[in-house]
Amino acid sequence: MEAVPAPETTVPAPESTPDTLTVDLGTETGPFHGGAAGTLYGLYGDGVPSRNLVEGMAVRTVSTKAQDGVQHPGADALEILPSFVAAGGRDVYVYVPDSYRGFPYVWPGADGAARLADLKERVRTQVAYAATLGTLRSHLVYVPFNEPEDNMFGTGEWSHDGVSWRTAPGPYFTAWRDVYRLIKDLDPGARVAGPNTCLLWPEVRDFLEFARDHDVLPDVVTWHELSSPAEIRTNVARYREMERALGIGPLPVNINEYAHSHHLSVPGRMIQWVSAVEDCKVDADMAYWNIAGNLNDSTVEARYGNGQWWLFNAYGRLTGDTVRVTAPHPDVPYTLQGVATLDRDKRQARVLFGGSGGAARIVVAHAGLLGATVRARLEEFPWTGQLGPSAQPLRLLDTELPVVDGTVTLPVDALDEMSAYQLTLRPGGPDTPLLPPSVLWRRTYRAEDATPTGSGHQLHGPEESPSGVGRFATSGGHHVGGLRTGSDLVLSFDVDVPSDGTYDLSVYANSHNEADLVREFGPTNVFLRVDGDRPRELLLPLGHQWAVWGRTDTRVGLTAGRHTLTLAARDPELGTTRGDAVVDRLDLALYPEADAVYDAEHAVLGAGARIDRGAVVLPPGGTVTFWVHAAAAGEASVTVGRLGHGEGKLTVNNEDAGDLRAGAVALFLPGGVNKLTVTGTSERLVVDRLRVGPSRGRLPTATFPAEEGVLTGTARVTGAHPYATGGKAVDGIGAGTANALTLTVTAVRAGRHALTIRYSNGEQAPATHYNPDPVCRHADLSVNGGAPRRVLFPTTFHFNNFAELSVPVTLSRGTNTLTFTADLLPDFDGVTRNPHGQRSAYAPVLDRVTVTPLL
């Protein structure tokens, strides 16, 4: 989080022959661990991100601030704990020093003794709070000191005595002993982690020796790795040698900050870290460089995953034992790396790889364990920007491959260095038909290659680089500015498409929400034309810094051949740009008009479910869970493909969707990642695939503008947000229950419904260092006068930038009332309040509510 990142090693020169990644299924390296799926400040509160995103990413560990800490908004340890455990999480690491403001921590007290006494009081408070949570407290791990060499036992103004513990360790060692014993006295079952240094300093050996001799060894050993993936393997090995020399351990390890800012969100960068962490069988938490509550640049809004999320979803679904992977350039950044597993019970092998561009060969030795031929599926996890939602992975290849001399070889062309890939192998045979690629054609056009005309053009960069690790990931390292208020810039992209069709066009762009020309109005509008015709206005994404890329999607009809796509700051028919934007690239893609297909054999199996000839056999109570992407909230047509006449039930996002039926069923899916689980109820249920198609108009839907509700107190209709529906929305809800919106909605039948709330939230707390601190607002939602339910609404980066959030509720047939209130949330004690604007008293700006039956 706070350590200054070190420059990375030099990237090797490209070679003329393709690199080879070798996977040896005959050499197992231990049970799959899954430790790389950890997060620092990745959870803001229950619902941000959604439980689906947490569970689907298989997050094991969370490092976060002490309850009611004032280091950053949200992410309070005891508030995130229940929902995290409910989503399958294991441990929450409580950073006790993050109860302080600033970094270095502003540690109050006239001298070292007074400062340490203050810390001990905070420890007592945390342990006392945790005691109220019953058995949940067993998931807590206390971190009493963070980066002590740069903070409490360093040389700065706010240190214990102004002397680094690496030079004079006595005060730190004594403080560790005393605080460790305090925690254990207060809760003998508590776990304590340390030393939590910013590097694995040589002096950590002295710390361990002292801790051994005084019976205060940490329950988990922690440090940070912010250099390169190579250091993971090197330093874990070095630490294990310290243990052997001292006769301790082996102790659990959590490298509770890893990866640079420009690695996060990029699957091709992150697979290099993931492979190193998995090789070492330790836990590790991604570093917190940006905003809280998005799983370290893995998620978008409350429910969407980006490309990195889908990589971790695949990583979390690995089962069995890891096997030896030999990389062409071991431990060298920006080269081909990977991790692989073999599940003998499933007769399935999976390889996650990536990190370099161009051609490569994947060689799988001892593939005869799977048969004389294998079914091979190759999928891609593309980079979709830090704030760009991603659909499910792209299916590139589904084929049969021969096993020759015990080996399978798959040549792969045109790898994207920013993408990661998954190769899945299982026994071959004609049991299920091969599937075609899920994308027919695609190309990327970088903004720096576009032809500029008019004024204001600016070439920015380079962004990411081994010597600029604090910058952001950017295609090709450069991007273009100049689409702003007062400009007449036009960027012309020459494209060449292979066939007539309707193409998906994605504009990777960004406007910094605090920039002078953006702060007033919000999203920057620009104008798209195709061959000088068909003008349309696009709103480009907002972000918390420059070069934090989101995505604006649209569709364009193109005939085969050459075309020119233009982005302009002025259009003679539509108007002029308001704001200031930078553009990274355009993506064009042609997709088949087909349902999304999710194979059961690639899904998550539970309670005795097993794979048999390409399908999944469920005993009574057996489950198969699919993680399904929905581009937007609304009706979807869902078909559970069954073989035979078995019976089962379907749940959607843990809501009962009834017995399985033949053919397609209309279901409501919130926008983002959805969890669909089939549970067997007969002696034998065989599930082949899940198909998800477009709406058929089966679910009656109605929309109710917020301004038509009854307003009380300070709640008011405002026209200050032009991008609200009809230019009107409701603001001023909160700071007390008297300031409320009550909206009357209707339902055609009684039962479970989704409320899809269109809202905006631009609130941001004052920050003390590089992390911007947007605040989640909340609404206390009461249905028909019932007990209110608290709903968190993540930032939209501006009050004129709207998003949607779906909430399930039970409605009566006919008329129903929805009441929205809010008030300042108290601290854990129910009495004190945060003094730094890190908890909001207000609901978001509300635009409209759409009501849809869940099924």
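**Helices and strands, step by step**

Modeller: Happy to! Let's begin with a pair of helices: in this predicted model, the axes of α7 (residues 267-280) and α8 (residues 307-316) come within 10 Å and cross at roughly 30°. An angle under 35 degrees counts as roughly parallel, so α7 is roughly parallel to α8. The crossing of α7 over α8 is right-handed. On the α7 side, the contact is made by P267, M270, I271, V274 and E278, while α8 brings G307, Q308, L311, F312 and Y315. Sorted by class, this contact of α7 with α8 has seven nonpolar, two polar and one charged residues.

Now to the barrel. Eight strands form a closed barrel in the order β2-β3-β4-β5-β6-β7-β8-β9, and their pairing is parallel. From one strand to the next, the twist averages 25°.

Helix α2 (residues 77-86) lies across β3, β4 and β5 (140-143), and runs at about 160° to β3. Helix α4 (residues 170-186) also packs on the sheet, where it touches β5 and β6 (191-197), and its direction makes about 160° with that of β6.

Helix α4 has a helical partner too. Helix α3 (residues 112-131) packs with α4 at an angle of about 25°, and their axes are 10 Å apart. That angle makes α3 roughly parallel to α4, and the crossing of the two is right-handed. From α3, the residues L116, L119, K120, V123, R124 and V127 meet A175, D178, V179, L182, I183 and L186 in α4. The class count for the contact of α3 with α4 is nine nonpolar, no polar and three charged residues.

The loops in this part deserve a look as well. D68 sits in the loop between β3 and α2, and its phi is near 70°, a positive value in a residue other than glycine. Further along, the loop between β4 and α3 holds P104, and the peptide bond from F103 to P104 is cis, with omega near 0°. Another cis peptide bond runs from G249 to P250, with omega near 5°; P250 lies in the loop between α6 (229-246) and β8 (253-258).

Next comes a sheet with another kind of pairing. Five strands form an open sheet in the order β35-β38-β43-β40-β41, paired antiparallel. Its edge strands are β35 (604-606) and β41 (655-659), each of which pairs on one side only. Neighbouring strands here are turned against each other by 25° on average, direction ignored. Inside the sheet, β38 (residues 623-630) and β43 (residues 672-680) pair in the antiparallel sense over eight bridges, and A630 stands opposite G672 in β43.

Finally, a word on annotation. An unreviewed UniProt entry lists residues 443-589 and 702-852 under "domain: CBM6". In the model, the span 702-852 is 0% helix and 46% strand, and its end C-alpha atoms lie 7 Å apart.

Note on methods
Residues are numbered from 1 along each chain as its sequence is written. This is a predicted model: local features need pLDDT of at least 70, side-chain atom pairs count only at pLDDT 80 or more; totals for chains, interfaces and linings use all residues. Side-chain values use heavy atoms; hydrogens and water are left out. Axes are lines fitted to C-alpha atoms, for helices over the stretch in contact, and angles run from 0 to 180 degrees between N-to-C directions. Helices (H or I, at least four residues) and strands (E, at least two) are DSSP runs, numbered from the N terminus. Angles under 35 degrees count as roughly parallel, over 145 as roughly antiparallel, 65 to 115 as roughly perpendicular and the rest as oblique. A crossing is left-handed if the near helix is turned anticlockwise from the far one by less than a right angle, and right-handed if clockwise. Contact means heavy atoms within 4.5 Å. Ala, Val, Leu, Ile, Met, Phe, Trp, Tyr, Cys and Pro count as nonpolar, Asp, Glu, Lys and Arg as charged, and the others, Gly among them, as polar. UniProt positions are given in the numbering used here, feature names are shortened, and annotations may be inferred rather than shown by experiment. Two strands pair if DSSP finds at least two bridges between them.
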